[in-house]
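Here is a short report on selected residues and their contacts. Look at the sequence and the structure first, then read on.

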Amino acid sequence: MSTRLDHRNPLVFDTHELGRRPGALQRISRTVEAPADLGIDGVIGVPQGSPVELDLRLESVMEGVLVTGTARASAEGECVRCLEPLRQDVAADFQEMFSYPDIDDRGRHAASGDDAEEDEDIIPLEDGMFDLEPVLRDAAVLALPMQPVCREDCAGLCAECGANLNDDPDHHHDAVDMRWAALQGLADSLGTGEKDNMSGDGPESARAAEKQEK
């Protein structure tokens, strides 16, 4: 059971001025505080309480009130490449039909006791008012990037040490093949043995020196 709409809520709008006259128009510009969880959880979103600029066009039609609008705000999140905080201006466009409660899904006045199943997609007006928050929330999710980046050419983080490559474009690590490293170790050990022989410290050099003394 839905709760009664509060006309003091800045996201609740009154359509009585249209007077249920098809073709009647009303334009509304309003700045409201962002509701909680306006965005993609854990990725990017509009901080609660930050300003959201709304430009709305309300049009009376046979079925109800067609609401077309744009919401503009500043979203905050984290770059998916370098993990640095980011801010991004976002504009979300939306359009929604709010139906008169006595109009069925074909634009006709519904008879009392009509046993037709209620269309779940229909959002009814309540006492001539509608709540824009659910529509605004859906529009924000569609307008915000699923993988926000601080800039298009963000280089991200080094996969080996986690350094920010944007701060040091020349950052790199010398690649070492472990197979070659093992061979290099063997070569180094053989080279050490040859140096010992050449310096006369080996057993063959000692015997040669003894024969010369005799």
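## A92 and its surroundings

Leaving aside neighbours within four places in sequence, A92 is in contact with G69, T70, A71, A139, A140 and A143. Contact here means heavy atoms within 4.5 Å. A92 itself sits in strand β7, residues 85-99. Helices (H or I, at least four residues) and strands (E, at least two) are DSSP runs, numbered from the N terminus.

A92 has a relative accessible area of 5%, so A92 is buried. Buried means under 20% relative accessible area, exposed over 50%, and partly exposed in between (1.4 Å probe, protein chains only). A92 and A73 are 19 residues apart in sequence. In space, their C-alpha atoms are 8.7 Å apart.

## How the model is read

This is a predicted model: local features need pLDDT of at least 70, side-chain atom pairs count only at pLDDT 80 or more, and totals for chains, interfaces and linings use all residues. Residues are numbered from 1 along each chain as its sequence is written, and side-chain values use heavy atoms, with hydrogens and water left out.

## S74 and its partner

S74 belongs to strand β6, residues 64-78. S74 counts as buried because its relative accessibility is 19%. Not counting residues up to four places away in sequence, S74 touches V46, P47, R87, Q88 and D89.

Which side chain makes a polar contact with the side chain of S74? The partner is R87, at 2.9 Å. A polar contact is a pair of N or O atoms within 3.5 Å; within protein, one must be able to donate a hydrogen and the other to accept it, and residues adjacent in sequence count only if both atoms are side-chain atoms.

## Salt bridges

A salt bridge is a side-chain nitrogen of Lys or Arg within 4 Å of a carboxyl oxygen of Asp or Glu. By this rule, the count is seven salt bridges. One of them joins D127 and R4, with the closest N and O atoms 2.6 Å apart. D127 lies in the loop between β8 (123-124) and β9 (129-131), and R4 in the segment before β1 (12-14), so the pair ties together parts that are 123 residues apart in sequence. D127 is partly exposed at 40%, whereas R4 is exposed at 65%.

D6 and R8 also meet in a salt bridge, 3.1 Å from N to O. D6 is partly exposed, at 31%. R8 is exposed, at 67%. E59 pairs with R57 in a salt bridge, and the closest N and O atoms are 3.1 Å apart. E59 is partly exposed at 21%, and R57 is partly exposed at 26%.
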